[in-house]
Amino acid sequence: MNNVIETNQLTKRFGSFTAVNSISFSVGRGEIFGFLGANGAGKTTAMRMLCGLSVPTSGTARVAGFNVYNEQEKIKKSIGYMSQKFSLYADLRVWENIRLFGGIYGIHGKRLTEKTDELLDILDLRGERNTMVASLPLGWKQKLAFSVAIIHEPAIVFLDEPTGGVDPATRRQFWELIYQASARGITAFVTTHYMDEAEYCNRVSVMVDGKIEALDAPLALRQKYGAANMNEVFHGLARKAQRSDE
Amino acid sequence: MRQLQSFIIKEFYHILRDSRTLMILLIMPIVQIMLFGYAITTDIKSTPTAVLDHSFNTETARMIEQLQASEYFELYGEVRSIDDVHLLFRQGKIRMAVIVSPTQEVQLLADATNPNEATSLVQYATAIINSSGMQPLAGVNVQLLYNPQLKGAYNFVPGIMGLLLILICAMMTSVGIVREKETGTMEVLLVSPMNPFYIVLAKATPYLLISLVNIATILLLSRYLLGVPMMGSVALVVGLALLYALVALCLGLLISTMVATQQAAMLISGIVLMLPVIMLSGMIFPIENMPWLLRVIAHIVPAKWFITAVKDVMIKGLTAAEIWHELSILTAMVLGLAAFSVKRFKIRL
């Protein structure tokens, strides 16, 4: 299996409103895939379907080899998820958070201890083991949240605007973690508002009004639309939108 | 199971680390029992009472002695005429008067500016006068069953249980779940392989435990401090309280599916749940006297059934078989609410 996400004419309607309109794309193993789109373009709905939280109206999709219609539980075991909203418990210590999410994903005992040490080493957080997460700086929190999201070595990690509100230097460090994960074969499916981050992706798709308007490597997109950077590409495409912001 | 276990541990951390809330939850029953038992008590003690005796015989004298001996009345000096009695009423020096005619007919006058108090006073006095061997007042022999001393505690102890369990189970559970929505951790949990039912179960466990501690506190204080008897089975009362706590937990879950912020959850639990417990459960105002619409609403307030059943068991000593009506209604409420709110909880996700 080379592609970890494959969708074919995936569609979601709410009444007469078509939130996601027949999108087809695939994402390879270890790929860093940027999923762009203005607010209301249908990104969140598409992502919810891929995470097994919402059943599509029509079309097909397989995530980590599992069908989004009837294998949601298997999908949930094979993916990690992190959102812009901080996703750890602030009133738990660093190691308690790691143990909790390890427990949720079925990692216990010795393996959990090893995993915890390894994770704290990579993040250089060994000394903060017993610190309450609330008192960590935001950048560290986000890095910790990412590492916890991939604690079970999922096939894919979904990152919903993971670097919102983080300063550029920390964002760079955060992306290094994504690269490391990708090198281990973990696919990163990223939505972002920062167009400089779009440049870091292997491939980028741009959603407009529920459809995928463009999908290619950042360099290829810039050449195709004769743009100097991804920002111009994105705004050129998003300007066509008929829908207003949600 | 391991999943559930690590999640329950986490819930205990949340509660134990918020020590202020925990203290409030554990101390609240003690404060409420003290308040209702000693401060905002509707029990009447040492009411200044005048006696105007025209009969001058030993039976009347004995009756007056018994009035004096009871804790409810405090005799007010000597009164010589009915005019004096009215003057004392107007001056607010007495709230009750007992007038005995030369033919030993007894008349009771009570200051009804506070109607509830006046009614109670007349009841107390009637009971005492009847037991003193005088002719029964108005030819009616009154016997007060189950609570002959008319102690308010018999009524408010079940009421406090009804109030606190809703407060802790419904409010705390709904706030706990909504907090996860607000902070964004709920999203992460939903995308995880964690069964949503486990999330709810883990949230409810610590509050159920705290409720048990509270039930024990209330029962012990009411038995040994306020002297409320436990005529029926303690196990049955605890069982009833747990059943009611489950209703409250389901209500809390339901609220959490309807609101987006912790403040809203608190407000809804406060107004939509607490108010009916206070106003419509029969704890303070008798349900029979309400207009039919409120009576109908009172019937869907779980506290009404709980309080009725607890009173029946604690004070009248009824058995499980005799309160099957209340038990089955509460059970039906648990099942219905659980099914509905778990379904809603899942859909919203």
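Modeller: Domain bounds come from an automatic or database domain assignment. For chain B it gives domain 1 (2-39 + 151-348) and domain 2 (47-139). Their C-alpha centres lie 45 Å apart.

This is a predicted model, where local features need pLDDT of at least 70, side-chain atom pairs count only at pLDDT 80 or more, and totals for chains, interfaces and linings use all residues. Residues are numbered from 1 along each chain as its sequence is written, chains are lettered from A and ligands numbered from 1 in the order in which they are written, and side-chain values use heavy atoms, without hydrogens and water.

Now the cavities. A cavity is a set of points on a 1 Å grid over the protein atoms alone where a 1.4 Å probe fits but cannot get out; lining residues have an atom within 4 Å of a point. Points are joined across faces, edges and corners, and the volume is the space filled by probe spheres set on them. The structure holds three cavities of 30 Å³ or more.

The largest cavity has about 140 Å³ of space. Of its 13 lining residues, Leu119(A), Ile122(A), Ser147(A), Ile150(A) and Arg184(A) are the closest to its centre. Chain A elements α4 (109-123), α5 (138-149) and α6 (168-183) each give two or more residues to this lining. Helices are DSSP runs (H or I, at least four residues), numbered from the N terminus. α4(A) gives the most, with four residues.

The second largest cavity has about 60 Å³. α5(A) gives the largest share of its lining, three residues. Among the lining residues are Tyr81(A), Phe101(A), Val148(A) and, from chain B, Val188(B).

Definitions and conventions:
1 Å grid on protein atoms, 1.4 Å probe; cavity = no way out; pocket = protein on both sides within 12 Å on 5 of 7 lines; lining within 4 Å.
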